[in-house]
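Q: I would like to learn how to read the packing of a protein model, one feature at a time. Could we work through an example together?

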Amino acid sequence: MKIIVTSIFVEDQEKALAFYSDTLGFVKKHDEPAGEHRWLTLVSQDDQDGTELLLEPNEHPAAKDYQQRLFAEGIPVTMFGVADIHDEYKQLVEKGVQFTMEPTEMGNVTIAVFDDTCGNLIQIIEQ
């Protein structure tokens, strides 16, 4: 068994697609109609056959509440690995990304947290 898709709730799929592709550099994998919304997934440029990230609408009250509470508490909804966190941080700041935590060493790893502009905090980690 392996993880093939993981999802995050987003306030606006189109805005999320722009942020995750244009700003973070993920590649759109699937974009199919799904009722009122879309089955919209992205993958890493470096692993296009890897785990897909589903940008899932947060319209259900439980999803919206979950997303808002995590954001308010400063809890990231997911984590992305990076090779050089200081370089990644610098590049993202230059693109206007707002960080709630600058690169911080925690034992054998360094982490940082940013706002994805779609209702989530995302953690990046260099191991």
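Q: Is Tyr20 buried or exposed, and how do I read that?
A: A residue is called buried under 20% relative accessible area, exposed over 50% and partly exposed in between, computed with a 1.4 Å probe on protein chains only. Tyr20 has 0% relative accessibility and therefore counts as buried. This is a predicted model, in which local features need pLDDT of at least 70 and side-chain atom pairs count only at pLDDT 80 or more, while totals for chains, interfaces and linings use all residues. Residues are numbered from 1 along each chain as its sequence is written, and side-chain values use heavy atoms, with hydrogens and water left out.

Q: Which residues does Tyr20 touch?
A: Contact means heavy atoms within 4.5 Å. Not counting residues up to four places away in sequence, Tyr20 touches Ile8, Gly25, Phe26, Leu42, Leu53, Leu55, Phe80, Asp116 and Ile122.

Q: What is the place of Tyr20 in the largest nonpolar core?
A: In soluble globular proteins, nonpolar side chains tend to be buried together. A nonpolar core is a set of buried Ala, Val, Leu, Ile, Met, Phe, Trp, Tyr and Cys residues joined through side-chain atoms within 4.5 Å. The largest one here has 23 residues, and Tyr20 is among those that touch the most other members, together with Leu24, Leu55, Phe80, Phe99, Phe114 and Ile124. Helix H1 (13–23) is one of the elements that each supply at least two residues, and H1 gives the most, with four residues; helices (H or I, at least four residues) and strands (E, at least two) are DSSP runs numbered from the N terminus.

Q: How are the rings of Phe19 and Tyr20 arranged?
A: Rings of Phe, Tyr and Trp (its six-membered ring) pair if their centres lie within 6.5 Å, and planes under 30 degrees apart count as stacked, over 60 as edge-to-face and the rest as tilted. The whole structure holds seven aromatic pairs. In the pair of Phe19 and Tyr20 the centres are 5.5 Å apart and the planes lie at 80 degrees, so the pair is edge-to-face.

Q: Which residues of H2 are buried, and how do they lie around the helix?
A: An α-helix has 3.6 residues a turn, so residues three or four places apart point the same way. The buried residues of H2 are Ala63, Gln67 and Leu70. Seen down the axis, they fall within an arc of 70 degrees (taken from the directions from the helix axis to the C-beta atoms), so they line one face of the helix. These buried residues pack against E1, whereas the face turned away from them carries the exposed residues Pro61, Arg69, Ala72 and Glu73.
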